[in-house]
Amino acid sequence: MTKNLTDRFFSAALWMILVLLALMLVPFVFSQSVVSLINEMLIMALAGCALNLMLGYGGMVSFGPAGLYAVGAYSTAILLTRYGAPFFIAVLAAPVIAAIIGTIVGWFCVRRSAVYFALLTLAFAQIIWTVIFEWYDFTNGDNGIVSIPIPEVLYSIRNIYYFSLAFVAICIFVLWRIVRSPFGATLQSIRENPMRTEFIAVPVRRYQLAAFVISSFFLGIAGSLFCVFAGSVFPDYAHWVKSTDMLVVCLLGGIHNFAGPIIGSSVYILISKVIAKNTTYWMFFLGIIIVFLVLYMRNGIAGFAAEKLSRWKNRLQGTNG
Amino acid sequence: MFFETKNLTKKFGGLTATSDVNLQIKEGELVSIIGPNGAGKTTLFNLITGHIKPDGGKVFFKDKDITGFPPYVISRMGIGRSFQRLNIFPRLTTFENVQVAVFSAQKKSHQLFTSARKMVRQETENILESVGLLDKKDIQGGLLAHGDQKRLELGIALAVNPLLLLLDEPTQGMSPQETLETTALISKLVKERGLTLIFVEHDMSVVFGISDNIYVMHQGRIVFSGKPEEVKKNEEVQRIYLGEENK
């Protein structure tokens, strides 16, 4: 009985509900600037979780998630400004377009593994960046697209926060289901040993491509949400620096925990803002913090916490039973 | 013929790893391929299972030409294998190691939104029990003892429901006692499931007791084949093995 209770106390579902409840209260407690900061964290958390499906679960190190993220952001922006598409269609089309581009990019990338895979993803992201940067007639080039017509309801920070929260919560829940499905298990077996997986009759490349496409889909949503939140899009969204941000978010939080990128996103955005407020050399301090985390918390913050938590849990169960 | 290779040949640069290998195996047979290290046994397995493509020759399974098919297609057709080097999923639990293979066998690997945790539990546990690992199901595969990892690999291979099973030195690195137990376990499982088995081994004593037929490989060629007693008496086989031991 006690064991059952402690188990339930530590169960993931309960944590998710608690976090969600806390997030719903945020606009009532914090100022607008904090709410908008948390909004950024939410979107980055989704992008991180989408990337981590490949990185942590599939063992595919992608250096180009920002490319697909930008495809999502620009899809929404261009559909709204150029074609006057209805708002929800512009938002919902973003992941579909990102998934289509992701299929094409992924088809090439999964043909190689490890460092060559990483290089291909980087190359494709740079191609996407170049297209956005140079194609003035369509994307407005380096001027970006500004004053994107979003519905008036979303002008208030509180409303846009709930809008983002709803999307992010649903998407992260879906991703959570995916990693716990037979597909997720198979993806992990590919990470552990691609050759052995091939010999249990799994077409490895096809599964890697599927992971790539699913990841692109959710990166597309994250991009679209950021477009709606910021009201503007810039070629920088596709830049490799943005990809590195996403990778750092995953590594910082821990790639072998589902919650890793969520924690990573919160911590990364928080420290980058807090430090940036106090010094122009914030990148320097961020670098030091990352070096420390990588050296002393090798499985990221979530991995470190999970280890401590399970020790604590064992002790609790030990004294109870 | 259930399984057959015809003049299977593979060259690596100037080295001929296998040369004109002809195997003929009937359904339900337990066949061993023996030979000293470097005789080309593992290359032969890699050729059969599609891991590498032959330079010449054909592979037939149930009278179908499967030469050059990718590994996942060959596994799906019913040829399973284990590896000489340990080849499991080290950071998945013992249970999950077998479970992913069962998913594949039941064509469930692609399911995206169902929860894997409680699926195919019974099937997975049956296989773990048959290889004697049920009590270790929650341990990470990579943390098991060497002998247990070899048995886990056998479990993964069995979980795909193969008709023909290729085992590459399944007792490699085991103590003599473990070797005896594992060999007995394998021949029991093979009989229970009505499998056809090709067993690769460099130590002939391991396979004499359980094989219906033995192929002796040396420098990429099959130099002799026959019943275990015939192999024991054959002078060339003696010479290959004694020659190796004198080195």
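Two strands are taken to pair if DSSP finds at least two bridges between them. The model described here is predicted.

By this criterion, four strands of chain B form an open sheet in the order S2-S1-S4-S5, with antiparallel pairing. Strand S2 (15-25) and strand S5 (64-65) of chain B each have a single partner strand and stand at the edges, so one side of each is left without a neighbour in the sheet. The partner strand S1 (residues 3-12) of chain B is joined to S2(B) in the antiparallel sense over seven bridges. Within this pair, B:Thr5 lies opposite B:Leu23 of S2(B).

The contact between the chains involves 20 residues from chain A and 31 residues from chain B. On the side of chain A that touches chain B, at least two residues each are supplied by helix H8 (157-179), helix H9 (182-192) and helix H10 (194-198) of chain A. H9(A) gives the most to this side, with eight residues. By class, the side of chain A that touches chain B consists of nine nonpolar, six polar and five charged residues.

The largest nonpolar core has 162 residues, of which A:Ile43, A:Leu46, A:Ala47, A:Ala50, A:Ala70, A:Phe218 and A:Ala222 touch the most other members. Helix H11 (residues 204-230) of chain A provides the largest share of this core, 18 residues. Chain B also takes part: at least three residues of this core come from each of its domain 1 (1-78 + 162-247) and domain 2 (88-161). Apart from its neighbours within four places in sequence, A:Ile43 is in contact with A:Ser164, A:Val168, A:Ala222, A:Leu225, A:Phe226 and A:Phe229.

Technical notes. Residues numbered from 1 in each chain as written. Chains lettered and ligands numbered in written order. Predicted model: local features only at pLDDT ≥ 70, side-chain atom pairs only at ≥ 80, totals over all residues. Contact = placed C-beta atoms within 7 Å. Nonpolar A, V, L, I, M, F, W, Y, C, P; charged D, E, K, R; others polar. Core = buried A, V, L, I, M, F, W, Y, C linked by C-beta atoms within 7 Å. Buried ≥ 20, exposed ≤ 12 C-beta atoms within 10 Å, placed from the backbone. Domains from an automatic or database assignment.
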